[in-house]
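Morning, everyone. I'll take you through one model in a few minutes. Please have the sequence and the structure open.

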Amino acid sequence: MRTDLERFFNPRSIAIVGASQDLITISGQPLKHLQAHGYRGKLYPVNPKYQEILGVKCYPSLEVLPETPDLALVLINASRVADTLRQCGKRGVPYAIVFSSGYSEVGGKGVDMQQELTAIANEYDIGVIGPNCQGMINVADNVFAGFGSVFTTDYEPGAVSMVSQSGGFGFSVMNLASKDCGVHFRQMVTTGNEIGVSTLDFVNYFIDDAKTEVIVGYIEGLKDAHRLLEVGKRALAKKKPILAWKVGNTEQGQQAARSHTANLGGAMALYKAAFKQAGIIQIEDIEDVVDLGRAFHGGKLPAGNRVAIITISGGAGILMTDECVSRGMQIPQLSAATTAKLREIVPSFGSVLNPVDVTAAIFSDLSMIGRTLNAILDDPNVDSIAMINASLQGELAANVAREIAKVTRQTAKPIFLAWSARDEVAVEAYAMLDEVRLPRYQSPVRCGRALATLSWYAEAVRRADAQHAEQPMTITSADARKMLAGKKGDVTEYAAKQLLAHYGINVTREELATSREQAVASARRISYPVALKVQSPDIPHKTEARGVRLALGSDDEVAAAYDEILRNAKAYKADARIEGVLVQEMAAGGIEAILGVTNDPLFGPAVMFGLGGIFAEVLKDVSFRLAPVTKSAALEMIAETKSSAVLNGARGAATADIDALADAIVRLSALAIDLKDQVAELDINPLFVFAKGGGVKAGDALIKLIQKH
């Protein structure tokens, strides 16, 4: 479906199908709003009931319009939309916003009606926005194509562009941010059920739009979620931050999302993984849009995560320190040279440590402001500054702001301010700060949070640049695909581990026995002690069936265990298909980890890592990445789990072979991509991670195949 969206946001002419003379109704508002805001193109109301509306000639149908419009606004009953969309297609209309509701969000017949619209749009290459949406606003070009109270307001054009799957909520974000908080929007579009142009299509357009600096998305669910990595990496390359507000993350929230726009919410763990990989910033409130809009409007990215804090209040400095550190920033020790300079500036009852407490004396000698800022900015250990100015107001506030603005113009390092004075008592001061794009916040917490997010994003940009040349591992195995061809049900441990070996993942020494005698012979070859496990595609959980025996140390024990395991398996599931009993070495001395693959219908294959036992099952201390996973990304996966300290030798234990673990993750990612048409899920549990230099070894594995219908 077409996505050349310049014609959508800047249409030379607009047809309003179903336009009404009742200007209060949904179908009457768009023409009124377009005229009121000075839309410069041609307007063509379409309704056989009227000769004219608001002094504009009204046409009985699309066929008789004097030209083909760039955009059609479809404001008619859902049952009539299909015929109108066909008329758009025959006339060559490139874009249509379908405002009507009553489609898949209500289920039943609505699903069939929506599918019909999709087929028509595809047949005629129409870029459809909606259905079940509220339209769009292009503030910069006076295109107010929609309905609702938000369309009655004039807005100052800015550099934030937003796409929202919820119309009412998306426009409320724009209204509140613009009117109450001074964060101005450039373009705002709502997408509803998204049968055509998707959220990520609009994000892609905003990435290429020269005048968009910050992109916001309100997301209930993405039907093309597999594109997140590609879109995010494009945005990082152009240093266009994407703020993603993902809702529908609980079971109840997902049900609400389905009923609202018929989108699937998807697994939040995979959304978070995609956001992290792609440098997309996850937000949770309108306040985040405002605070980060200001942060990125400053136009400066820090070179690292080291922040110096300047305060006139020790308590506020502690608060800011806590917020910054809790969000991954460092409060570095200032260099000896910087400390020496500060001792000449800061009163003896202040502090030249970081946070630097300059005390209220700084406001008696305003030159101290510039000298203090410059001394700290010159420090090679400092990447950014957060300054807390309490509630200064009036003339003093203006004089202080003038000094700060002067320094801001001369540095590439970000300076953020926490300044709690109300707007009306510091008008001149705030105007000077806004002129130099200096981010300011009313609380130290919001200031610290915004600066930490800016720092995280700057690191994501640097990481993307560094990883640009890092090629993911590619492994193709015709033998592995052949092994899985025609199989039904679960792939048992023995076969699954043979498949892992094709991708270079080390597995335990083992043999499959189909008789007591074979089991004993295998145990002798492998060397005692050994483990025995039943192998059946119908018994995925072997322990539940009492089909596992561990640490067997003699021929007699193996023979007895073999018979016992088969009896237990038949008692557990009488009709289970038994492939045999696996005789396996007892791996010892390693840390137990879990690796997994999930092949999600929205995202495609993703890889999971966690440590075994309580860490993964109870604490949910796991990490996900979408495939392909590079070596550096695998190391990040390991490091971001809380339990990674165990691998790094907690309490004097030996350091584990983290490099070999990362290699196994990369190889599992290559497997997931190579077998994405066959493997639905794969678990390696446990994966033994031995001491540094000892490598890893898969102790158990299970594969669930994609079921072909």
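Phe151 is buried, with a relative accessible area of 0%. This is a predicted model, by the way. Phe171 is buried too, at 1%. These two rings form an aromatic pair. How are they arranged, edge-to-face or stacked? Edge-to-face: the centres are 5.0 Å apart, with 65 degrees between the planes. Phe151 sits in the loop between strands S9 and S10, and Phe171 in helix H5, so the pair ties together parts 20 residues apart in sequence.

The structure holds 21 aromatic pairs. One aromatic cluster is made of Phe8, Phe9, Tyr95, Phe202, Tyr205 and Phe206. Some rings also carry a charge. Lys179 lies over the face of Tyr155, 5.3 Å from the ring centre. The charged end of Arg440 sits over Tyr430, 4.0 Å from the centre of that ring.

Now the sheet. Five strands form an open sheet with parallel pairing, in the order S2-S1-S5-S6-S7. S2 and S7 stand at the edges with a single partner each, so one side of each has no neighbour in the sheet. The twist averages 20 degrees from one strand to the next. S1 and S2 are joined by five bridges, and Ser13 stands opposite Lys42 in S2. Helix H2 packs on this sheet, touching S1, S2 and S5. Its direction makes about 165 degrees with that of S2.

Last stop, helix H20, residues 555–572. Its buried residues include Val558, Tyr562 and Ile565. The buried residues of H20 pack against helix H19 and strands S21, S22, S23 and S24.

Conventions
Residues are numbered from 1 along each chain as its sequence is written. This is a predicted model: local features need pLDDT of at least 70, side-chain atom pairs count only at pLDDT 80 or more; totals for chains, interfaces and linings use all residues. Side-chain values use heavy atoms; hydrogens and water are left out. Two strands pair if DSSP finds at least two bridges between them. Helices (H or I, at least four residues) and strands (E, at least two) are DSSP runs, numbered from the N terminus. Axes are lines fitted to C-alpha atoms, for helices over the stretch in contact, and angles run from 0 to 180 degrees between N-to-C directions. Contact means heavy atoms within 4.5 Å. The expected span of a helix is 1.5 Å times one less than its number of residues. Buried means under 20% relative accessible area, exposed over 50%, partly exposed in between (1.4 Å probe, protein chains only). Rings of Phe, Tyr and Trp (its six-membered ring) pair if their centres lie within 6.5 Å; planes under 30 degrees apart count as stacked, over 60 as edge-to-face and the rest as tilted. A charge sits over a ring if NZ of Lys or CZ of Arg is within 6 Å of the ring centre and within 35 degrees of the ring normal.
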